[in-house]
Amino acid sequence: MALTDFLAASDITSAINACRANDSFSPKKFFAMVGLSKKSPPEIEKIFMILDQDKSGYIEQDELQLFLQNFSKGARPLTAAETRAFLLAGDKDGDGKIGWDEFSNLVMSS
């Protein structure tokens with residue numbers, strides 16, 4: 001299963017290009033640009049499972065730092081500030097990671 005099974009490659013390219021510069025990444029803007037915010041909950045869950053690289057049921061800080069590379073291998077890693085901001089935006093229960101429900105809420109609010 002690949003992200004392009006759910007999202008248009010051209011939308012992914014546009015979204016990656018829009019946040020090329022360090023400290024320009026916004027999760028909500030990115031989700032909207034790639035079309036993720038228009039997907040159904042089952043589709044969002046499948047995308048979450050792809051992004052959860054270690055299959056722990058959570059997207060942890062190290063996975064967030066490499067978030068863009070899930071969409072494009074040549075994409076830059078998120079900066080420490082972007083990673084922290086992403087985690088703060090999604091981690092509603094304060095456990096230091098983003099679970100499926102938190103990810104879904106963040107995407108749906110985009």
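Tutor: This is a predicted model. Start with two residues: Phe-31 is buried, and Phe-67 is buried too. A pair of aromatic rings is described by the distance of the centres and the angle of the planes. For Phe-31 and Phe-67 the centres are 6.2 Å apart and the planes are at 70 degrees, an edge-to-face pair. Since Phe-31 belongs to helix 2 (residues 27-34) and Phe-67 to helix 5 (residues 67-71), the pair ties together parts that are 36 residues apart in sequence.

Phe-67 also pairs with Phe-71; this pair is tilted, with 5.2 Å centre to centre and 55 degrees between the planes. Here both residues lie in helix 5, four residues apart, about one turn of the helix. Phe-71, like Phe-67, is buried.

These residues are part of a wider group. One aromatic cluster is formed by Phe-25, Phe-30, Phe-31, Phe-48, Phe-67, Phe-71, Phe-86, Trp-100 and Phe-103. The structure holds twelve aromatic pairs.

Helix 3 (residues 41-51) packs against helix 7 (residues 100-108) at an angle of about 120 degrees, and their axes are 10 Å apart. That angle makes helix 3 oblique to helix 7. From helix 3, the contact is made by Pro-41, Ile-44, Glu-45, Phe-48 and Leu-51; from helix 7, by Trp-100, Phe-103, Ser-104, Val-107 and Met-108.

Note on methods:
Residues numbered from 1 in each chain as written. Predicted model: local features only at pLDDT ≥ 70, side-chain atom pairs only at ≥ 80, totals over all residues. Heavy atoms only, no water. Phe/Tyr/Trp six-rings, centres within 6.5 Å; stacked < 30°, edge-to-face > 60°. Helix = DSSP H or I, 4+ residues; strand = E, 2+ residues; numbered from the N terminus. Buried < 20%, exposed > 50% of the residue type's maximum accessible area, 1.4 Å probe, protein only. Axes fitted to C-alpha atoms, helices over the stretch in contact; angles between N-to-C directions. Parallel < 35°, antiparallel > 145°, perpendicular 65-115°, else oblique. Contact = heavy atoms within 4.5 Å.
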